[in-house]
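Take them one step at a time.

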Amino acid sequence: MADTVLYEVSDGLATITLNRPEAMNALNIETKVALRDAVRSAAADEAVRAVLLTAAGERAFCVGQDLKEHIGLLSADWESGSGQTMSTVREHYNPIVRALAGARKPVVAAVNGVAAGAGFGFALAADYRIVADTASFNTSFAGVALTADSGISWTLPRVVGPGRATDLLLFPRTVKAQEAYELGIANRVVPAAELRAEAEKVARALAEGPTVAYAALKESVAFALTHSLDEALEKEDELQSRAGSSEDHAIAVRAFVEKETPRYLGR
């Protein structure tokens, strides 16, 4: 795996770190491939019970597409007529977002700086966002004459509402940490110096939690957003049966009765 993305698993927590701080963690092809592979690995690994997505450096979480590389690829496309450059959405961005959002385990994003374009989209694909007080968000797409990608047309309206999402997409601007919290983009804002420690604390707590229940909660919320109340009730019944038959549920009930702290197994 390329060193533009670092991947580490420790005690059930997979930490994925974008590692191009000199380029504000912009997404060149090497980085996109490495990030896609890392996220897929974390999602598929049964030993991984939570994922922490973060980035190196202090200035940026991820500013989206590496435009310096992009312009060179576009020039080659114009000369050849191949149109291959924009296949990155299908080949890289979509698989990354599907793996983050669809992982059957909690995903925490620790946003340490600017999250723009696809960087914003990847943060929104996580289940929980802890944001440095110096961080900011920007959709960016319209500013370079592009439409939304990285799932942001689906995630952003569900977080801030369709009216605000349309405004942020049509008129890209910097959304600072406090406003991001007020809009629901950030779940928690912390001092920049405390971000990594706080994010690891939250992610490790989730990694030690009832993984089957967490997966069911993710599935339940995603399902209910696009289905009727009756369909959501049926889905809750299905998922509660699954969670109720897990070893972790038995452990939790026993610990409650015996007034002990449960030690979950993630199954």
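Buried means under 20% relative accessible area, exposed over 50%, and partly exposed in between (1.4 Å probe, protein chains only). Strands (E, at least two residues) and helices (H or I, at least four) are DSSP runs, numbered from the N terminus. This is a predicted model, in which local features need pLDDT of at least 70 and side-chain atom pairs count only at pLDDT 80 or more, while totals for chains, interfaces and linings use all residues. Residues are numbered from 1 along each chain as its sequence is written, and side-chain values use heavy atoms, with hydrogens and water left out.

**Exercise 1.** Work out how enclosed strand 3 is, and find its partners.

*Solution.* 
- Step 1: strand 2 (residues 13–18) pairs with strand 3 in the parallel sense over 6 bridges; pairing takes at least two DSSP bridges. Here Ala14 stands opposite Val51.
- Step 2: on the strand 5 side (residues 107–111), 3 bridges join the parallel strands, and Leu52 has Val108 as its bridge partner.

**Exercise 2.** Describe the residues that line the largest pocket.

*Solution.* 
- Step 1: a pocket is an open set of points on a 1 Å grid over the protein atoms alone, where a 1.4 Å probe fits, with protein on both sides within 12 Å along at least five of seven lines; lining residues have an atom within 4 Å of a point.
- Step 2: there are 28 lining residues, and Ala126, Asp127, Lys218, Val221 and Ala222 lie nearest the centre.
- Step 3: helix 9 (211–224) gives the most, 7 residues.

Conventions: Ala, Val, Leu, Ile, Met, Phe, Trp, Tyr, Cys and Pro count as nonpolar, Asp, Glu, Lys and Arg as charged, and the others, Gly among them, as polar.
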